Every structure is written in C-alpha cells, then in structure tokens.
Amino acid sequence: MNGTDPVGEWLTVPDVAELLGTDISKVRGLLHERKIVGVKRGERSIFQVPARFFVPAHMANPADVGPAPENPEDVKHVVLAALPGTFVVLTDLGFSDEEIIDWLFTVEDSIGVAPIEALHQGRKSEVRRVAQALL
C-alpha cells in the first residue's frame with residue numbers, strides 16, 4: 001500500500017482479540033477461516049487488520065440493525081457480516097490479501113464510495129456485483 005493510507009486505523013492481532021473480547025488463537029482462527037484478512041505493514045512488518053472490518057454486534061448486518069445496548073460498556077464487537085463472502089469473491093478473482101484491502105478501501109466510481117463504506121451501508125449485493133465485473 002503506497003502513498004496515503006486510505007484504511008486509516010489498523011489493529012494488531014492482540015488489538016483484535018481485545019476488541020472482540022477473545023484470545024489470540026481465536027483471532028488466528030478468524031484469519032485462517034478468512035473471516036478477516038490482514039497484511040504485514042510498517043517498519044517492523046507487523047501483521048495488522050483494518051479496524052473497519054469490525055462493528056458493534058447490533059450493526060453486524062447493516063440491512064437489519066438491531067437495538068444498541070443501553071450501557072455502552074456492554075457493546076460487543078464482531079466482524080462485519082458481509083466481509084467473508086466478499087473476500088471469497090475477490091479471492092476467486094485472484095486478489096491477494098493486500099489487493100483485497102486496497103480495493104475495499106479505494107473509492108469505486110460505479111458505487112460512489114469505497115466498497116468498505118458501501119458494505120457498512122448494507123450494500124453487499126452491489127459491492128459483490130461490482131467485484132465480479134472486474135473479471
């Protein structure tokens with residue numbers, strides 16, 4: 001990833017474990033199962049995952065947002081539900097994990113925003129249709 005970083009906030013594997021309220025081995029499982037992807041970056045080449053891959057649990061599926069917990073301390077975070085299937089589509093197109101992240105965080109003219117933003121808006125089908133058109 002070169003130039004300015006459109007991803008913004010990145011999380012290390014221990015950061016992800018803390019955010020999700022789990023342990024590092026579970027995060028590694030999410031990576032192995034391709035529920036999330038990440039890349040090595042920075043001077044020390046530390047493996048990191050975009051923070052935007054995670055949302056409060058009540059927002060996991062933007063098309064069906066549930067009620068927020070009354071107590072902010074009760075907010076649990078999860079992987080944005082549309083990501084794993086989107087990763088499959090992009091991987092099937094031959095994208096590397098770095099290319100997947102680049103594509104998700106770069107404004108796509110045909111949808112008017114970066115695909116990650118569209119996924120946060122519940123526009124999963126549109127994002128996947130655009131991805132498949134890349135063939």
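Helix H4 spans residues 97-105, and its buried residues are Ile-100, Ile-101, Trp-103, Leu-104 and Phe-105. Buried means under 20% relative accessible area, with exposed over 50% and partly exposed in between (1.4 Å probe, protein chains only). Helices (H or I, at least four residues) and strands (E, at least two) are DSSP runs, numbered from the N terminus.

What lies over those buried residues of H4? The cover includes strands E1 (10-12), E2 (39-41) and E3 (46-50), together with helices H3 (83-92), H5 (115-120) and H6 (124-132).

A word on the model itself: it is predicted, so local features need pLDDT of at least 70 and side-chain atom pairs count only at pLDDT 80 or more, while totals for chains, interfaces and linings use all residues. Residues are numbered from 1 along each chain as its sequence is written, and side-chain values use heavy atoms, with hydrogens and water left out.

## The three-stranded sheet

Now to the sheet: three strands make it up, in the order E1-E3-E2, and it is open with antiparallel pairing. E1 and E2 are the edge strands, each pairing on one side only. From one strand to the next, the twist averages 55°. Two strands count as paired if DSSP finds at least two bridges between them.

E1 and E3 are joined in the antiparallel sense by three bridges, and Leu-11 has Val-49 in E3 as its bridge partner. E2 and E3 also run antiparallel, with three bridges joining them. Here Lys-40 is partnered by Phe-47 of E3, and Arg-41 by Ile-46 of E3. The hairpin of E2 and E3 has four residues between the strands, and in it Gly-42 takes a positive phi near 85°.

## Helices on the sheet

Which strands does H4 touch as it packs on the sheet? H4 touches E1, E2 and E3, and its direction makes about 85° with that of E2. Helix H1 (residues 13-20) packs on the sheet too, touching E1 and E3, at about 95° to the direction of E1. Such angles run from 0 to 180 degrees between N-to-C directions, with axes being lines fitted to C-alpha atoms, for helices over the stretch in contact.

## A loop and its histidine

Finally, find His-58 in the loop between strand E4 (54-56) and strand E5 (77-79). Beyond its neighbours within four places in sequence, His-58 is in contact (heavy atoms within 4.5 Å) with Asp-64, Val-65, Gly-66, Pro-67, Ala-68 and Pro-69. The C-alpha atoms of His-58 and Val-75 are separated by 8.3 Å, with the two residues 17 apart along the chain.
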